[in-house]
Amino acid sequence: MKRRSFFKKTFRWVAGLGLVTGLYSWQIEPFWMQFVHVKMPLKNLPDSLVGKTVMQISDVHIGNSFDYQYIIDSFKEAQELHPDFVVYTGDYVTYEDDEQISQLQDVLQNVVKGSLGTIGILGNHDYGIDFVEDDVAQKITKSLEDVGVTMLRNDAVEINGLNFLGMDDFWGSNFYPEKATGKYNPEKANITLCHNPDVCDLPVWNNFEGWILSGHTHGGQVKPPFLPALILPVKNKNYDAGIKDLKDGRTLYINSALGCLRQVRFNVRPEITVFELTKEV
């Protein structure tokens with residue numbers, strides 16, 4: 001009887017822990033946004049930009065899969081930091097139909113903009129179902145441009161001596177990265193926006209040196225303590241989240257996403273990254 005009682009109590013304890021963990025992963029962590037602060041040393045950074053901030057927002061995934069009022073609230077909180085630059089690294093929607101375009105436009109009424117510049121690129125989900133709908137990509141691009149986001153589709157823009165290169169998505173139909181890296185200027189400070197970090201392993205970089213800001217992985221969204229993320233949508237499983245020194249003059253940062261494809265997160269809180277620009281020593 002004592003043994004049976006022990007097993008009953010153990011089962012109840014495990015079941016209770018599972019229920020609490022499930023509720024936490026569903027109702028708390030997906031909305032527990034954090035600001036992650038990172039130093040960004042850059043070669044050739046103008047003195048006037050030392051101490052300025054670059055805010056990265058990635059993978060907001062507006063749609064019907066979770067309550068995106070949280071994204072609006074996060075945008076309002078981010079605005080209070082008064083960033084100098086804001087970059088968006090793709091996956092603005094989880095596309096089902098054109099309702100998501102309208103939903104995105106509602107959210108963009110609270111778009112976070114930098115005092116010096118606001119730049120964006122597209123992600124794979126911005127190409128609609130199966131990532132093949134160019135008209136969806138065009139609608140999303142226009143929605144962002146209409147609120148003052150400079151969209152880079154295999155292009156570059158220089159702002160106050162800081163050269164931003166922006167690639168279209170690796171899995172989309174407009175992936176011509178050499179058009180962006182062809183505008184790399186080794187005499188300037190350079191930042192590349194590239195949604196999918198797997199692109200870092202392709203021979204398209206034109207001797208680029210600088211930082212690469214990516215998203216796409218969501219950090220796996222679910223990561224058991226002390227273990228790797230269970231699912232990562234990349235070929236290079238080292239590309240999970242955070243800073244990756246690529247050992248060739250490139251530093252990759254993978255943002256863990258502000259939104260989510262499905263409303264579940266565990267041990268991978270949503271983030272907005274705030275980089276402080278410094279001179280490379």
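**In the protein chain, what share of contacts between residues at least 6 apart in sequence joins residues at least 24 apart?** The share is 74%. Contact means heavy atoms within 4.5 Å. The model is predicted: local features need pLDDT of at least 70, side-chain atom pairs count only at pLDDT 80 or more, and totals for chains, interfaces and linings use all residues. Residues are numbered from 1 along each chain as its sequence is written, and side-chain values use heavy atoms, with hydrogens and water left out.

Figure 1. The C-alpha atoms fill a box of roughly 80 × 45 × 35 Å along the principal axes. The radius of gyration, taken over C-alpha atoms, is 20 Å; this agrees with a compact globule of 281 residues, which would have a value near 19 Å. The globule rule is 2.2 Å times the number of residues to the power 0.38. Of the 281 residues, 53% count as buried. Buried means under 20% relative accessible area, exposed over 50%, and partly exposed in between (1.4 Å probe, protein chains only).

**Figure 2. Helix α2 spans residues 69-79 and carries buried side residues.** Y70, I71, I72, S74, F75 and A78 are buried in α2. Their cover includes β1 (34-42), β2 (53-57) and β3 (85-89). Helix α3 (99-107) and strand β12 are also among the covering elements.

**Figure 3. Residues 53-219 carry a UniProt annotation.** The unreviewed entry gives it as "domain: Calcineurin-like phosphoesterase". UniProt positions are given in the numbering used here, feature names are shortened, and annotations may be inferred rather than shown by experiment. Over residues 53-219 the chain is 22% helix and 22% strand. The end C-alpha atoms of this stretch are 23 Å apart.

**Figure 4. N160 has a positive phi, near 55 degrees.** N160 is a residue other than glycine. Most residues other than glycine have a negative phi. N160 sits in the loop between β6 (155-159) and β7 (162-166). N160 counts as partly exposed because its relative accessibility is 47%.

**Figure 5. N267 also has a positive phi, near 65 degrees.** The loop that holds N267 runs between β11 (250-254) and β12 (271-279). At 41% relative accessibility, N267 counts as partly exposed.

Notes. Helix = DSSP H or I, 4+ residues; strand = E, 2+ residues; numbered from the N terminus.
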